Amino acid sequence: MLAALLLAASASTQRATIETSTFLESLSAGQRTAVMFPFESPERFDWAFVPKERKGVPLRDLTPEQRTKLTQVLRQVLSEDGMKMIDNVRILEGVLRDAEGPHRDPDYYVTTIFGTPSQSDPWALRYEGHHLSLNFTFQGTKLTSTTPQFLGANPATVLSGPHKGLKILAKQEDGAFDLLHALDPAQLAMAITSSDAPADIVTGNKRTAAIQSDSGIPYTKLTPAQQKQLRTLVESHAQVQKSKRAADIKKEGWDHVVFAWMGSTEPGKAHYYRIQSRSYLIEFDNTQNNANHIHAVWRSFKGDFGDDALAEHYALHRHTR
């Protein structure tokens, strides 16, 4: 099964290069100028998840045919769950528009491409808007990085209107509470590191993610059933993307994974959790808007924006960075 998934992921990443080239060919000269940046541009690292002006081409400026071609690009790197997720993030932006006004725009999600998709050279793709930042780095047709990955939800649960009940990060929130409530008192004493939740994800949108405190409950201190719950929770964050991330997690192992909780132990009140291994960090924060506003991020300590793989590539090929 794992080999089949890896083969499928490999085929998709190769297809991503082709589909991205096809998307670029569909753009006008002006659109191509707006969407393409040199691979070494500092803009590649200027990721954000708040409403702001973004460089690239927004959905609202694409024709229906161009949107279809962009969808084909995204389907090569996102799972079906991931495709639904990005659609739902845009739905929530529409909910905010109805509540707050036209400055909220479900069509202001922007595509930016760094470098030129090719069979050998490094290039990158970013798809970003309010509460969404997806960053993919390639070495030719090989996908070398899928982080930073940010997903947000405001409201976390839609309370009224035609989308009432929509909860797009349910697995990531409910699964964490299920694990927390499965812990015995001694385990809870390890897992809960503070009665107060931070106001937002700690790492923010920094260029690199800092390793956090190793306080919390280690995977090795969980029962087999609890370990399965933690693995399922990690997978709920990983499965947004169609990549070999799950295989990388399995290869690294679970013994160094730590789960930490801050804030309330009951839904509906401010809470935060962190899952940290030697190589990656997951943060989940639901504190704003009466604990109905989620920020969730996946970071790689050395591999964000493909840093590890690119360093190796440049060392081998002696390029000037």
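A nonpolar core, as I use the term, is a set of buried Ala, Val, Leu, Ile, Met, Phe, Trp, Tyr and Cys residues joined through side-chain atoms within 4.5 Å. Buried means under 20% relative accessible area, exposed over 50%, and partly exposed in between (1.4 Å probe, protein chains only).

I note that this is a predicted model, where local features need pLDDT of at least 70 and side-chain atom pairs count only at pLDDT 80 or more, while totals for chains, interfaces and linings use all residues. Residues are numbered from 1 along each chain as its sequence is written, and side-chain values use heavy atoms, with hydrogens and water left out.

**Cores.** I looked up the largest nonpolar core and found 61 residues in it. L78, Y127, L230, V234, F259 and I275 have the most contacts inside this core. Helix 4 (residues 80-100) gives the most to it, with five residues; helices (H or I, at least four residues) are DSSP runs, numbered from the N terminus. A second, separate core has six residues, among them W47, F150, I201 and V297.

**V234.** I listed its contacts (heavy atoms within 4.5 Å), leaving out residues up to four places away in sequence: V234 touches I249, W254, I275, Y280, I282 and W298.

**Q66.** I placed Q66 in helix 3 (residues 64-77). Q66 counts as buried because its relative accessibility is 6%. With residues up to four places away in sequence not counted, Q66 touches F23, S26, L27, S28, Q31 and D61.

**K171.** I found K171 in helix 5 (residues 170-182). Its relative accessibility is 55%, so K171 counts as exposed. Not counting residues up to four places away in sequence, K171 touches D81, A176, L233 and S236. I also checked H237: its C-alpha atom is separated from that of K171 by 8.6 Å, with the two residues 66 apart along the chain.

Definitions and conventions. Helix = DSSP H or I, 4+ residues; strand = E, 2+ residues; numbered from the N terminus.
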